[in-house]
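Reader: Please take me through one part of this model in close detail. I would like the strand pairing and the packing around it.

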Amino acid sequence: MDGRFSKLLLILTLLHVLSNARGQLGEQLARRLAPETSPDIQEAAVRQLIQRVVGGQASKSFEVEVNKVLDFRSYQISLQDNGKVLIVGWDGVSVCKGFHYYLKYVLNKDLEWFKTHIELPENLQLPNVTIRSKSASPIIYYQNVCTWSYSFVWWNIEQWRRHIDWMALMGINLSLAPNQESVWQDVYSDLGLSAEEIDAHFAGPAFQAWQRMGNIRGWAGPLPPAHRRLQQLLQQRIVQAQRELGMGVALPAFAGHVPVAMRRIFPNASYSVAQRWNHFPDPYCCSLFVEPGEALFQQLATMFLRRMVDTYGSNHIYFCDPFNEMLPPIAEPEYMRATATAIYDSMREVDGDAVWLLQGWMFLNVDYWKDQLIEAFLTAVPRGRILVLDLQSEQFPQYQRTFSYYGQPFVWCMLNNFGGTLGMFGSARLINTGIGAARSMANSSMVGVGITPEGINQNYVIFALTLERAWSADNLQLSNWFDHFVLTRYGVNDTRLVQAWQLLRGSVYDFHGLNRMRGKYVLNRRPGLSLKPWTWYNASSVNEAWQLLLSAKDVVPLEDERYAIYEHDLVDITRQYLQLSIDQIYVNLKSAYRKSQLSRFQYLAGKLQQMLDDMESILASGAHFLLGNWLEDAKQLAPSIDQRPVYEFNARNQLTAWGPNGQILDYAGKQWSGMVRDYYKPRWNMFLDSVTLSMMSNRPFNATIFKQRVANEIELPFSNLTNVYPTKPVGDTWLISQDIYIRWNSYAKNTEFLHNNRLKLSISESTAQHRNHNKRNNKQ
């Protein structure tokens with residue numbers, strides 16, 4: 001008995017030591033990456049943020065203090081004798097997090113991406129509360145390298161200023177600063193490349209994320225050098241604002257990808273040609289890759305990074321992904337070890353305190369990245385000098401199979417969105433429990449939590465949930481959390497709104513499975529007879545939640561600033577219902593085609609076209625669902641009027657063809673007003689007409705001819721159009737939504753033509769897939 005007890009005590013002691021070591025590693029790493037901005041500067045920046053959020057008069061009710069004596073990443077809130085609320089934090093971000101907590105949980109006020117200002121009463125009575133809180137995550141991370149192309153690409157400093165405020169309020173203390181083209185322009189010019197050779201390498205603004213990672217080159221350019229200079233100035237202001245609040249910023253390091261013209265300057269160096277990515281043709285693919293072991297690599301890496309640090313300053317963290325969605329040329333441990341060593345050494349040459357920020361996305365290719373290759377790559381760098389972003393932990397976690405990244409610290413990340421696509425989607429339960437499970441896993445090297453969406457401005461509830469869970473040491477009570485989310489979102493405690501969001505929590509926001517959700521609903525995919533729509537929840541939950549939202553119109557006062565959020569949500573859920581219904585109609589259309597039921601097919605085709613018209617109408621009523629805003633922002637970014645067509649081309653092509661010939665067709669498609677009317681509906685009209693003609697002539701539908709026609713007549717020409725779209729909403733959202741609800745619920749009950757052909761993936765099938773996935777993970 002004594003022996004077993006002693007052994008158990010030893011195990012518990014070792015686990016405690018490992019847990020403490022992990023905690024110390026995370027805190028040490030976070031301290032190293034924190035900016036050296038003085039407390040005075042951080043306090044001033046927080047005061048200005050509070051003024052922007054609640055207004056000058058209300059901001060006088062709050063006092064702030066940055067005090068390094070506090071526990072790391074903690075805050076304290078108390079009511080002072082002068083009647084003001086004092087918020088003290090370890091750094092500016094901690095103070096902002098405390099301020100956000102006070103707004104949300106004491107005053108029941110909240111903000112989000114689309115709402116960054118809060119109205120407080122003039123004679124605000126501040127409750128007497130004392131609150132202390134410490135972040136369970138030394139690092140709370142935000143951004144994906146792709147977010148800069150899918151969501152931030154056209155932003156100006158005012159848009160960034162609001163977003164940085166939101167980041168600080170959510171407790172985020174680490175992000176990216178990927179803009180680098182102006183620095184590379186100087187480097188390439190100094191090395192002897194001509195302006196034409198440099199222009200041929202840089203992609204257009206909507207595609208620079210993939211040019212930076214070596215996937216493509218030159219597509220949708222050229223861009224004027226003025227664009228690169230202006231973007232550098234913008235990023236300098238962004239970085240300054242972030243550091244003044246206490247955020248650390250990761251700069252890009254050299255990953256090895258260079259223009260093909262580099263052969264002319266260094267003809268004797270050893271290069272390999274980058275893999276062709278997503279079938280991009282010449283001259284838009286296959287830049288050169290300089291092997292990290294080459295002397296030229298070290299020369300370019302240090303030359304580039306020194307200039308980046310001179311331009312933007314440094315928080316000692318640098319991101320570098322040499323093999324993003326591309327395979328290394330040699331699948332040997334020795335090669336991986338030498339590659340990682342050379343990359344890290346190039347950073348350390350410039351900054352002795354350098355930490356390498358690495359996306360774990362490449363390890364998702366389990367057929368190539370075997371355990372011994374990953375171990376060789378990661379352990380080539382001293383422990384604590386690589387910080388790995390486990391990029392999609394909520395669905396495809398890699399920290400489990402890599403044994404917690406072989407001891408290197410990692411950040412548990414929630415990705416959720418690809419391409420900035422729309423559609424209600426999320427995994428609230430998995431996020432809530434997964435973060436805690438990763439923290440408590442034996443020998444865990446987890447040091448933080450992050451959100452890494454490819455695009456934002458959708459499914460805000462899931463991102464807010466993840467960031468709040470990042471700060472919390474314990475699981476959140478999801479039912480209560482959603483109830484309070486509703487209260488702070490609309491400013492009222494109404495049973496119908498609560499029920500609506502609980503229905504959404506148990507349906508659209510309860511995904512679990514291995515299906516790769518890319519936002520490609522039938523509506524915004526190229527039509528054909530082989531599409532396979534699927535869902536993971538009972539669609540009646542969306543219908544019921546929609547009805548509840550409609551019925552709650554009068555509880556959110558029209559003059560209240562939160563009514564705009566109510567209208568946004570009403571547009572979103574109407575859009576969700578329509579796209580689900582289009583999925584269902586499509587399944588029945590395929591059935592009618594297989595059974596040669598021409599009259600049924602024509603009837604359903606008419607209903608689908610009517611649904612597309614309704615989709616356009618509801619989207620046009622929503623301020624955040626307008627193609628016009630995206631296109632106008634792109635044109636406004638152009639340095640001169642004559643360059644606006646290039647920027648508009650970038651904006652249109654990213655949404656549609658995503659390449660010269662539809663290389664990644666519809667990957668970043670959006671259900672936006674204008675897109676539905678002039679892109680999605682014309683495709684469906686062409687498809688429905690073509691299938692109808694084939695049925696009438698008793699000939700099979702010719703998919704090959706249709707693909708050629710739709711590409712040449714609709715998809716590719718859309719990138720070159722210059723028609724103007726509204727930038728202001730049209731119509732009354734509630735009336736339009738109510739009309740759509742009455743029409744389609746009546747139709748669904750009475751039609752003889754719409755049969756219950758089940759979508760391919762049921763809830764039970766998705767659950768079974770998830771269980772099998774867990775079994776595989778447990779075995780690993």
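Author: What follows is a close look at one strand, its partners and the core.

This is a predicted model: local features need pLDDT of at least 70, side-chain atom pairs count only at pLDDT 80 or more, and totals for chains, interfaces and linings use all residues. Residues are numbered from 1 along each chain as its sequence is written, and side-chain values use heavy atoms, with hydrogens and water left out.

Start with strand S12, residues 355–359. Strands (E, at least two residues) and helices (H or I, at least four) are DSSP runs, numbered from the N terminus. Five of the five residues of S12 are buried, so the strand is largely enclosed by the rest of the structure. Buried means under 20% relative accessible area, exposed over 50%, and partly exposed in between, with a 1.4 Å probe and protein chains only. Val355, Leu357 and Gln359 point one way from S12. Trp356 and Leu358 point the other way.

Now the partners. Two strands pair if DSSP finds at least two bridges between them. Strand S11 (residues 317–319) pairs with S12 in the parallel sense, over three bridges. Here tyrosine 318 has tryptophan 356 as its bridge partner. Strand S13 (residues 386–390) also runs parallel to S12, joined by four bridges. Leucine 357 stands opposite leucine 387 in S13.

S11, helix H13 (residues 333–350) and S12 make a right-handed β-α-β unit. S12, helix H14 (residues 371–379) and S13 make a right-handed unit too. Right-handed means that, with the strands pointing away from the viewer, the path from the first strand over the helix to the second runs clockwise.

Next, the packing. The largest nonpolar core has 268 residues. Such a core is a set of buried Ala, Val, Leu, Ile, Met, Phe, Trp, Tyr and Cys residues joined through side-chain atoms within 4.5 Å. Trp356, Trp166 and Phe377 touch the most other members. Helix H21 (residues 563–594) gives the most to this core, with 14 residues.
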